[in-house]
Amino acid sequence: QRDYHHADRFLSARRLVEAGVRYVMISLWPFDTHKDNFGRLKRDLLPVLDTGLTNLVTDLHERGLAEDVSLIAWGEFGRSPKLQGTDGRDHWPKVNSALLAGGGMQTGQVIGATDKIAGEVVSRPVYTGEIFATLYHNCGIDSSTLTGRDLRGRPLNLVDPSFRPLRELI
């Protein structure tokens, strides 16, 4: 039996930021809801995410850290708009969502839209590269020139230079 109650991780993240740690990642699992999607979300997963994120953002604001911390809540893919056979949702790469807060961003807005079942993007698609470019921008890094090296020593862009930070946020 896995423990779904990870709220203490948000408190630890805030304490790490206060102590000067530059990057913190919190992993909440398992959001892979192929079975009992609605029950698991309502009972186990969303209360922890909602309470944890709310308290973390509130704490960062109260301590004057919100402008210095970029926060993102994001999964690696979306969920299918239709239920599969066991009251679950399958992986869905066509649509996903992300929550960004802090970091001096102009928050409190929705960017992009889907059809009524969240199956297809209908306006202002947001690309992964734009999100990474935004996060790098918040760290003072120009992602269009950010490179590393692949295993053969060739230059490798960490973010495709065609992606710019989300103009709606900066």
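Which element gives the most to the lining of the largest cavity? Helix α2 does, with three residues. The model shown here is predicted. The chain holds three helices and eight strands. Its 170 residues include 28% that are buried.

**Overall layout**

- Read from the N terminus, the elements run α-α-β-β-β-β-β-β-α-β-β.
- Along the principal axes, the C-alpha atoms fill a box of roughly 45 × 35 × 35 Å.
- Among contacts in the chain with a separation of 6 or more, 58% come from residues 24 or more positions apart.

**The nonpolar cores**

- Ten residues make up the largest nonpolar core.
- They are F10, L28, L53, L56, L60, L65, A66, V69, L71 and A101.
- Helix α2, residues 37-62, supplies the largest share of this core, with three residues.
- A second core is separate and has six residues, including L100, M105, L135 and L166.
- A66, a member of the largest core, touches L60, H61, G102, G103 and G104, leaving aside residues up to four places away in sequence.

**The cavities**

- The chain has two cavities of 30 Å³ or more.
- The largest cavity has a volume of about 50 Å³.
- Its lining consists of V57, L60, H61, A66, V69, L71, A101 and G102.
- Both α2 and β4 supply at least two residues of that lining.
- By class, the lining of the largest cavity has six nonpolar residues, two polar ones and no charged ones.
- L60, A66, V69, L71 and A101 belong to the largest nonpolar core and also line the largest cavity.

**The second largest pocket**

- The second largest pocket holds about 830 Å³ of space.
- Two or more lining residues come from each of β4 (98-102), β5 (113-114), β6 (121-123) and α3 (128-138).
- Strand β4 gives the most to this lining, with three residues.
- The lining has 31 residues, and N96, S97, A98, I111 and V126 lie nearest the centre of the pocket.
- The residues of this lining divide into 17 nonpolar, eleven polar and three charged.

**Helix α3**

- Which residues of α3 are buried? They are G129, E130, I131, A133, T134 and L135.
- The buried residues of α3 pack against β1 and β4.
- L135 is buried in α3 and is also part of the second core.
- G140 follows α3 and has a positive phi, near 80 degrees.

**Aromatic pairs**

- There are two aromatic pairs.
- The ring centres of W74 and F132 are 5.5 Å apart, and their planes stand at 50 degrees, so this pair is tilted.
- W74 lies in strand β1 (residues 70-74) and F132 in helix α3, so the pair ties together parts that are 58 residues apart in sequence.
- Is W74 buried or partly exposed? W74 counts as partly exposed, at 33% relative accessibility.
- F132 counts as partly exposed too, at 37% relative accessibility.
- Y127 and F163 form a tilted aromatic pair, with 5.9 Å from centre to centre and 35 degrees between the planes.
- Y127 sits in the loop between β6 and α3, while F163 sits in the segment after β8 (155-157).
- Y127 and F163 are 36 residues apart, and their pair links distant parts of the chain.
- Y127 is partly exposed, with a relative accessible area of 44%.

Conventions: Residues are numbered from 1 along each chain as its sequence is written. This is a predicted model: local features need pLDDT of at least 70, side-chain atom pairs count only at pLDDT 80 or more; totals for chains, interfaces and linings use all residues. Side-chain values use heavy atoms; hydrogens and water are left out. On a 1 Å grid over the protein atoms alone, a cavity is a set of points where a 1.4 Å probe fits but cannot get out, and a pocket is an open set with protein on both sides within 12 Å along at least five of seven lines; lining residues have an atom within 4 Å of a point. Grid points are joined across faces, edges and corners, and a volume is the space filled by probe spheres set on the points. Helices (H or I, at least four residues) and strands (E, at least two) are DSSP runs, numbered from the N terminus. Ala, Val, Leu, Ile, Met, Phe, Trp, Tyr, Cys and Pro count as nonpolar, Asp, Glu, Lys and Arg as charged, and the others, Gly among them, as polar. A nonpolar core is a set of buried Ala, Val, Leu, Ile, Met, Phe, Trp, Tyr and Cys residues joined through side-chain atoms within 4.5 Å. Buried means under 20% relative accessible area, exposed over 50%, partly exposed in between (1.4 Å probe, protein chains only). Contact means heavy atoms within 4.5 Å. Rings of Phe, Tyr and Trp (its six-membered ring) pair if their centres lie within 6.5 Å; planes under 30 degrees apart count as stacked, over 60 as edge-to-face and the rest as tilted.
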